[in-house]
Amino acid sequence: MKVHVLLGAPGSGKGTAAKQMLEAFSLTHLSTGDILRDAVSKGTEVGLRAKAYMAEGRLVDDDTVNGLVLARLQNVTGDMLFDGYPRTLSQARTLRDILSEKGMELGLVIDIDVPQSVLEARVVGRRVCENSACGAIYHLQTKAPKSAGVCDLCGNSLHQRTDDSVQAFRSRMEEFNRTFQPVLEFYKGSPNYRVVDGNRSPLAVFESLQQLF
Ligand code: AMP
């Protein structure tokens, strides 16, 4: 059983790429962002703890996130795609230890690379379907829904994630720049590490991803 990892800044297109890859390669998805948002909306203990961090665009503490990942790995069969984890060096080390304890293998580590100047415009214009089972992602300029504020796929309302405001985005980027470099260094020497140019259309990015598998 393999765990593939998608790395990338907020707005790099990780979520869109993950959706395409899950369908194409029959992978099981693990998005720590989705798990945390679900916990916040259900008001669980973890959700209550994570809520303020997420709204301000700060990272949730490593112990909480590592615990969620470990819980999610129980009873999983088949290859997986991790999206949004690991995000810190401590998480990368924990993932290495979890995989070795469980006899799982690290698959591809894919870094979706997008210049920082492009990221802010992408994130601030992003709108997502409020129906978490649908989760469709739109952009006010580049991928507008047919009818303003309504999901083309399921008809539910679209909303802006609280952490997609300009202010929260900037603090997410600061946090990202501080914590991500050590994660990159951790994986860069690995034969599994690949960089994909994310400053292209979702289709072009997906074609590059397909060639990696
Ligand atoms: P995402 O959907 O991946 O952009 O994650 C949304 C938010 O959830 C982040 O801004 C963090 O506050 C939190 N989060 C998601 N994944 C992690 C992680 N691996 N470590 C810490 N916080 C996380």
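This is a predicted model: local features need pLDDT of at least 70, side-chain atom pairs count only at pLDDT 80 or more; totals for chains, interfaces and linings use all residues.
Axes here are lines fitted to C-alpha atoms, for helices over the stretch in contact, and the angles between N-to-C directions run from 0 to 180 degrees. Two packed helices are described by the angle between their axes and the distance between the axes.

On the H6 side, the contact is made by Gln116, Leu119, Glu120, Val123 and Val124. H7 contributes Val166, Phe169, Arg170, Arg172, Met173 and Asn177. Sorted by class, the contact of H6 with H7 holds six nonpolar, two polar and three charged residues.

The crossing of H2 and H3 is left-handed. Gly33, Leu36, Arg37, Ala39 and Val40 of H2 make the contact with Val46, Gly47, Ala50, Lys51 and Met54 of H3. The residues of this contact of H2 with H3 fall into six nonpolar, two polar and two charged.

Next comes the pair of helix H4 (residues 62–73) and helix H5 (residues 89–102), with axes 11 Å apart and a packing angle of about 25°. Since angles under 35 degrees count as roughly parallel, H4 and H5 are roughly parallel to each other. H4 passes H5 in a right-handed crossing. In H4, the residues that take part are Asp62, Val65, Asn66, Leu70 and Leu73, and they meet Ser90, Gln91, Thr94, Ile98 and Lys102 in H5. By class, the contact of H4 with H5 has four nonpolar, four polar and two charged residues.

Leaving aside residues up to four places away in sequence, Asn66 touches Tyr85, Ser90, Gln91 and Thr94. The side chains of Asn66 and Thr94 are also joined by a polar contact of 3.3 Å.

Tyr85 leads on to a feature of the backbone. A cis peptide bond joins Tyr85 and Pro86, with omega at about 5°. Pro86 is found in the loop between strand S3 (80–83) and H5. Further along, helix H5 also includes Arg96, which counts as partly exposed because its relative accessibility is 45%. The C-alpha atoms of Arg96 and Leu106 are separated by 7.9 Å, although the two residues are 10 residues apart along the chain.

Most residues other than glycine have a negative phi, and most peptide bonds are trans. Ser26 has a phi near 45°, a positive value in a residue other than glycine. Ser26 is found in the loop between helix H1 (14–25) and strand S2 (28–31). Ser26 counts as exposed because its relative accessibility is 64%.

Notes:
Residues are numbered from 1 along each chain as its sequence is written. Side-chain values use heavy atoms; hydrogens and water are left out. Helices (H or I, at least four residues) and strands (E, at least two) are DSSP runs, numbered from the N terminus. Angles under 35 degrees count as roughly parallel, over 145 as roughly antiparallel, 65 to 115 as roughly perpendicular and the rest as oblique. A crossing is left-handed if the near helix is turned anticlockwise from the far one by less than a right angle, and right-handed if clockwise. Contact means heavy atoms within 4.5 Å. Ala, Val, Leu, Ile, Met, Phe, Trp, Tyr, Cys and Pro count as nonpolar, Asp, Glu, Lys and Arg as charged, and the others, Gly among them, as polar. Buried means under 20% relative accessible area, exposed over 50%, partly exposed in between (1.4 Å probe, protein chains only). A polar contact is a pair of N or O atoms within 3.5 Å; within protein, one must be able to donate a hydrogen and the other to accept it, and residues adjacent in sequence count only if both atoms are side-chain atoms.
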